[in-house]
Amino acid sequence: MATTVPGAMPIPSRPVKGNHSPGEVRTCDTTGLPVCITAQKFVKLHAVAAVIFLLIGGVGAILLGLTRWPAVHLLSAEWYYRILTLHGLNMLIFWILNFEIAILYFVPTTLLNTRLYSAGLAWVGFILMTVGALMVDYIIFAGKADVLMTSYVPLLAHPVFYLGIILHAVGALIGVGNYFGTIYIAKRDHTYEGSVPLVVFGATAAAIIAVVTLLHGAVTLIPTWLWSIGLMGPPDPGWYRITWWGLGHMSQQVNVCAMVAVWYLLATLTTGAKPISEAVCRGAFVLYILFINVASAHHILVDPGVGASWKIWNTSYAMYLAVLASMIHGFTVPGSVEVAMRKKGYDQGLFGWLVSAPWSNPGFSGFFLSLVIFGFGGGITGVVLGTQQINIMAHNTLRIPGHFHVTVVGGTTLAFMALTYYVVPLVFRKEFYARGLCRLQTWLFAAGITMVAVGMSFAGSYGVPRRTWDAEHSGATFAVGVDPGAHVMLGLLGVGAIVAFTALFLFIGLVVAAVFFGKSNAGKAMEPWHVERAVPQAARSAHADPDHYVPGTVVLTGVFLACFAVYYFANWKWLADVWWVR
Amino acid sequence: MSKSEAGSGGALKRLMENPWLLLLLGVVLPTISYTVWGWIELWNLPKAVLP
């Protein structure tokens, strides 16, 4: 028996025979999958917390965007650095980690038909994460932690700042431990047969990377906190930078892994796609587990304390295995969509499957735009900026935030927004209002954040530094001067920030309206985001190997590689032109 | 499929089926390659001599 909803995937329904206590499980009215009631409660709590921190970070974003736009230059220097600290921590840590813990509770309990390992641990983790984040935000607003997210030693913040981050990290680590406990009892109780689904495998990879991340956070911040309360001397700044980036950059690799798992999930939910090759996709996740975390070395490429061997091994040889994994996912995810669409009969030419894809479904448009922005924007710039020689030109310029705004925001945040258009109807069991605005929101956010990132990247190429309040260095003894082209790019950044913030605010408004005032869909299937047009069987083409027939994806991959080559060699040419070598 | 191919496929499959081994490798490899090696580089830095 299969549950078929127009526009959604047909998922085989199966009897609920997991390890749940009586009354602790329900069957999803749309997918037929079992939903653990306890896990559902914590998914809701973490999702709501995530959206609140997204709003705080988003307000910070628009204030920063309007300050880096020289024609506006909104905030004073003091408030600029304060809000920059607030924005970084709320967006990169509190919003993302809360949403990821929600994913880690939802994915195994639903797809492995198991109960959550421990409600008690989930409460402790949630309370620690929330209290820690509120402590950090409070002390930042109090003006006692203007040290930016990196809080590089010897900058010193109030002890509450470090303690808040430690509590948040410990809470997240407890959540990750609860995830591992959940997959343990699922295997022990035989709640599933065979291998775990690919999405669970991806979530496990994200959880493993999170463990490394959070351990580095503890190793860095506990001595720094002890220093802040006078119990020990300051940590060595070089040691701090290396170890802190084990938290700062590795946490973004958790995002990458969780985002890719969400891509696979949304490809299935919106088009019925199945992975082209389970083994290859899992192999790519293994490459992430083993090699993606060493990318933290990108941040240390101009530090004099470590040698070239350490830098080149970690940012090139080892890291490229993780880049290979991203390129595998970048091929298999759209490839799986192409296979699914062609099998449905959308088989015209190279890109008929893509044109006919469910673009009116915000779950699909958000996921596919996230894939394109992450791949073309984040992937290409990441590899180029991570090349030691090129990094010398780009380090500490606005090119770096330009890169991570297309990975973490255009990639991860947009994918998580897209998933929310399914989480609210399936987990909260509420329907969205203003569905036309929902459909517009993902496009608007993608456009805004792309403008922000392009503006940052090209302003950085003109030498505009990152973090700095005043790119012109007004009042300096010697005039620094910024190329007029950089002003155009900083203006683009500002306009993009307005567009992206409008879309973010719209997203939060739509989610709040749905969760608190939306029409309940309990007892019936969710309203479909799109209805597929039936294609007559006679009109469908026959291919010798329909499970692997992906000519459109092959062409898109070729375009991607061409863009990669052009950007890579343009940067080397640019580097060669810095000095005249004859 | 040759015997060696089957063996290596089996080992990889066993690795993928074992989240605890993946967890161990996922923690140990980057910790050694990035963190511990980086700390060793810092500890081995000669002290700067003032002019």
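Helices, in the sense used here, are DSSP runs of H or I with at least four residues, and they are numbered from the N terminus. With that convention in hand, the loop between α14 and α15 (484-517) of chain A can be located, and A:Arg467 is found in that loop. The structure described here is a predicted model.

**Chain A as a whole**

The secondary structure of chain A comes to 16 helices and four strands. Along the principal axes, the C-alpha atoms of chain A fill a box of roughly 75 × 55 × 45 Å.

Two packed helices are described by the angle between their axes and the distance between the axes. In chain A, helix α1 (residues 37-68) and α3 have axes that come within 11 Å and cross at roughly 10°, and α1(A) and α3(A) are therefore roughly parallel to each other. The α1(A) side of this contact is made by A:Thr38, A:Phe42, A:Leu45, A:His46, A:Ala49, A:Phe53 and A:Ile56, while α3(A) contributes A:Ala119, A:Ala122, A:Phe126, A:Thr130, A:Ala133 and A:Asp137. Sorted by class, the residues of the contact of α1(A) with α3(A) are nine nonpolar, three polar and one charged.

Helix α7 (residues 250-271) of chain A packs against helix α11 (residues 362-385) of chain A at an angle of about 140°, with the axes 9 Å apart, and this angle makes α7(A) oblique to α11(A). The crossing in which α7(A) passes α11(A) is left-handed. Among the residues that make the contact are A:Met259, A:Trp263 and A:Leu266 of α7(A), together with A:Phe364, A:Phe367 and A:Leu371 of α11(A). By class, the contact of α7(A) with α11(A) has eight nonpolar residues, four polar and no charged.

**The contact between the chains**

The contact takes 26 residues from chain A and 21 residues from chain B. On the side of chain A that touches chain B, at least two residues each are supplied by α5 (198-228), α6 (237-248), α8 (278-291) and α9 (308-343) of chain A. That side of chain A divides by class into 15 nonpolar, 10 polar and one charged residues.

**Backbone details in the loops**

Most residues other than glycine have a negative phi, and most peptide bonds are trans.

| Residue | Phi |
|---|---|
| A:Arg429 | about 55° |
| A:Arg467 | near 65° |

A:Arg429 lies in the loop between α13 (399-428) and α14 (435-461) of chain A, and A:Arg429 counts as buried because 21 C-beta neighbours lie inside 10 Å, where the cut-off for a buried residue is 20 or more. A:Arg467, in the loop between α14 and α15 of chain A, has 15 C-beta neighbours inside 10 Å and so counts as partly exposed.

The peptide bond that joins A:Val153 and A:Pro154 is cis, with omega about 15°, and A:Pro154 is found in the loop between α3 (119-141) and α4 (159-188) of chain A.

Notes:
Residues are numbered from 1 along each chain as its sequence is written. Chains are lettered from A and ligands numbered from 1 in the order in which they are written. This is a predicted model: local features need pLDDT of at least 70, side-chain atom pairs count only at pLDDT 80 or more; totals for chains, interfaces and linings use all residues. Axes are lines fitted to C-alpha atoms, for helices over the stretch in contact, and angles run from 0 to 180 degrees between N-to-C directions. Angles under 35 degrees count as roughly parallel, over 145 as roughly antiparallel, 65 to 115 as roughly perpendicular and the rest as oblique. A crossing is left-handed if the near helix is turned anticlockwise from the far one by less than a right angle, and right-handed if clockwise. Two residues are in contact if their C-beta atoms, placed from the backbone, lie within 7 Å. Ala, Val, Leu, Ile, Met, Phe, Trp, Tyr, Cys and Pro count as nonpolar, Asp, Glu, Lys and Arg as charged, and the others, Gly among them, as polar. A residue is buried if 20 or more other C-beta atoms lie within 10 Å of its own, exposed if 12 or fewer, and partly exposed in between; C-beta atoms are placed from the backbone.
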